[in-house]
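Trainee: I'm new to this one. Can you walk me through the side chains?

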Amino acid sequence: MLRRIFLILTAVLLGIPAGGAPETVRLPIVMYHSVTGVNTNDYVLSPKALEADVQYLIDCGYTTVFLSEVVDFVNGKGQLPKKPIVLSFDDGFYNNKSNVLPILKKYGCKACFMVVGKYATKEEKEKKRSSVYSYLKPEEVRDMQASGLCEFGNHTFDLHSYKNGRRGVRRKRDESAEAYKKMFVDDVRKNEQTYGIKFTSFAYPYGYYSKETPGILRELGYHAVLTCNNGLNYVRRGDSNYLMSLKRWNRPSKYTTREFFEKVCGLSGGKK
């Protein structure tokens with residue numbers, strides 16, 4: 001009897017319901033950007049380093065998942081693996097196809113890519129593709145999506161900037177709520193039209209947003225939003241509001257794989 005009580009209390013503390021499946025899951029999210037061997041910095045990682053990251057995560061028992069799978073879990077439509085992790089790539093660089101996709105295929109991993117429409121439209125007439133400075137064209141995005149290993153989200157059409165006194169998607173001080181909403185909705189929809197995809201996840205450019213922003217995104221059918229705040233996520237069945245401000249760690253090139261995951265992210269380095 002005492003053992004049964006102990007097991008029940010332990011399950012409650014761990015968020016495990018009577019059926020045995022966890023109700024709360026720890027979810028790390030890593031934020032990558034450009035992946036090329038040229039001029040690596042805080043936002044550019046080499047393909048070799050990315051592959052080392054993927055191999056490390058697999059060795060430690062992590063399984064990559066899509067944001068849509070996380071949303072389904074929260075909404076009670078499925079389960080997540082024992083140690084899930086989301087690999088996210090911002091901005092829609094062409095090297096996400098030329099350098100990242102081959103690594104995903106090699107290891108059977110999934111990743112989420114947050115794309116900027118303005119960058120894509122500038123590439124449409126370009127015939128020469130560069131893994132250093134080019135961005136993905138809409139048709140390249142759809143090709144990657146067809147692989148089954150790539151999921152895409154909205155990173156705005158033309159708000160990935162600091163222009164005209166606006167920081168990312170943050171509302172200006174002298175801007176009315178109505179004007180802000182119209183501007184933002186128009187941009188979000190234009191990005192969907194550019195790629196021909198009804199996105200359901202969103203990433204804030206530079207991490208900037210206003211108090212109204214999550215509600216507007218919900219109205220537009222978005223279920224998961226990535227911030228630039230550092231930290232682990234604890235997603236829970238039924239708590240869809242939590243998904244509107246997910247944390248993630250930016251991956252700079254100055255750390256080794258082990259340093260980044262163990263010292264920066266605080267993830268276990270134990271082998272599976």
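Mentor: We'll go through charges, rings, the surface and a few backbone angles. Keep in mind that this is a predicted model.

Trainee: Start with charges. How many salt bridges are found in the whole structure?

Mentor: A search of the whole structure gives 15. One of them joins the side chains of R251 and D53, at 2.9 Å from N to O.

Trainee: Where do those two sit in the chain?

Mentor: In distant parts of it. R251 is in the loop between strand 12 (249-250) and helix 9 (257-264). D53 is in helix 2, residues 47-59. They are 198 residues apart.

Trainee: Is R251 buried or exposed? And D53, buried or exposed?

Mentor: R251 is buried, because its relative accessible area is 2% and the cut-off for buried is under 20%. D53 is buried too, at 0%.

Trainee: Give me another bridge. What does R129 meet?

Mentor: R129 meets E140, side chain to side chain, at 2.8 Å from N to O. R129 is in the loop between helix 5 (117-123) and helix 6 (138-146), while E140 is in helix 6 itself. The two are 11 residues apart. E140 is buried, with a relative accessible area of 9%.

Trainee: Which ring does R129 lie over?

Mentor: The ring of Y94. R129 lies over its face, 4.6 Å from the ring centre.

Trainee: What about K198? Which residue is its salt-bridge partner?

Mentor: E192. The closest N and O atoms are 3.4 Å apart. K198 is partly exposed, at 47% relative accessible area. E192 is buried, at 12%.

Trainee: Which ring face does K198 lie over?

Mentor: That of Y222, with 4.6 Å to the ring centre.

Trainee: And which residues are linked in a network of salt bridges?

Mentor: K118, D158 and K163 are linked that way.

Trainee: Switching to rings. How many aromatic pairs are there?

Mentor: The whole-structure search finds 15. One of them is F93 with Y135, which is stacked. The centres are 4.9 Å apart, and the planes make an angle of 25°.

Trainee: Where are F93 and Y135 in the chain?

Mentor: F93 is in the loop between strand 6 (84-91) and helix 4 (95-107). Y135 is in the loop between helix 5 and helix 6. They come from distant parts of the chain, 42 residues apart. Both are buried.

Trainee: Then there's F202 and Y204. Why is that pair edge-to-face?

Mentor: The planes of F202 and Y204 are at 65°, and over 60 degrees counts as edge-to-face, so the pair gets that label. The ring centres are 5.8 Å apart. F202 and Y204 are buried.

Trainee: Which cluster do the ring pairs make around them?

Mentor: F202 and Y204 belong to a cluster linked by ring pairs, together with Y180, F184, Y209 and Y222. Y222 is the ring that has K198 over its face.

Trainee: Let's go to the surface. Which residues form a nonpolar patch there?

Mentor: V38, V132 and Y133 do. Their accessible area together is about 270 Å². V38 is in the loop between strand 3 (34-35) and strand 4 (44-45). V38 is partly exposed, with 38% relative accessible area.

Trainee: What about the phi of Y206?

Mentor: It is positive, about 65°, although Y206 is not a glycine. Y206 is in the loop between strand 9 (201-203) and helix 8 (213-219). Y206 is partly exposed, at 35%.

Trainee: Back to helices. What does the side chain of T194 reach?

Mentor: The backbone oxygen of K190, at 2.8 Å. T194 is in helix 7, residues 177-195. T194 counts as buried, with 18% relative accessibility.

Trainee: Last one: D143. How far is it from S68?

Mentor: D143 and S68 are 19 Å apart in space, C-alpha to C-alpha, and 75 residues apart in sequence. D143 lies in helix 6. D143 is partly exposed, at 49% relative accessible area.

Definitions and conventions. Residues are numbered from 1 along each chain as its sequence is written. This is a predicted model: local features need pLDDT of at least 70, side-chain atom pairs count only at pLDDT 80 or more; totals for chains, interfaces and linings use all residues. Side-chain values use heavy atoms; hydrogens and water are left out. A salt bridge is a side-chain nitrogen of Lys or Arg within 4 Å of a carboxyl oxygen of Asp or Glu. Helices (H or I, at least four residues) and strands (E, at least two) are DSSP runs, numbered from the N terminus. Buried means under 20% relative accessible area, exposed over 50%, partly exposed in between (1.4 Å probe, protein chains only). Rings of Phe, Tyr and Trp (its six-membered ring) pair if their centres lie within 6.5 Å; planes under 30 degrees apart count as stacked, over 60 as edge-to-face and the rest as tilted. A charge sits over a ring if NZ of Lys or CZ of Arg is within 6 Å of the ring centre and within 35 degrees of the ring normal. Patches are made of residues with over 30% relative accessible area and no salt bridge: like charges are joined within 9 Å, nonpolar side chains (Val, Leu, Ile, Met, Phe, Trp, Tyr) within 5 Å. Accessible areas come from the Shrake-Rupley method with a 1.4 Å probe; for residues, only the protein chains shown count as cover. A polar contact is a pair of N or O atoms within 3.5 Å; within protein, one must be able to donate a hydrogen and the other to accept it, and residues adjacent in sequence count only if both atoms are side-chain atoms.
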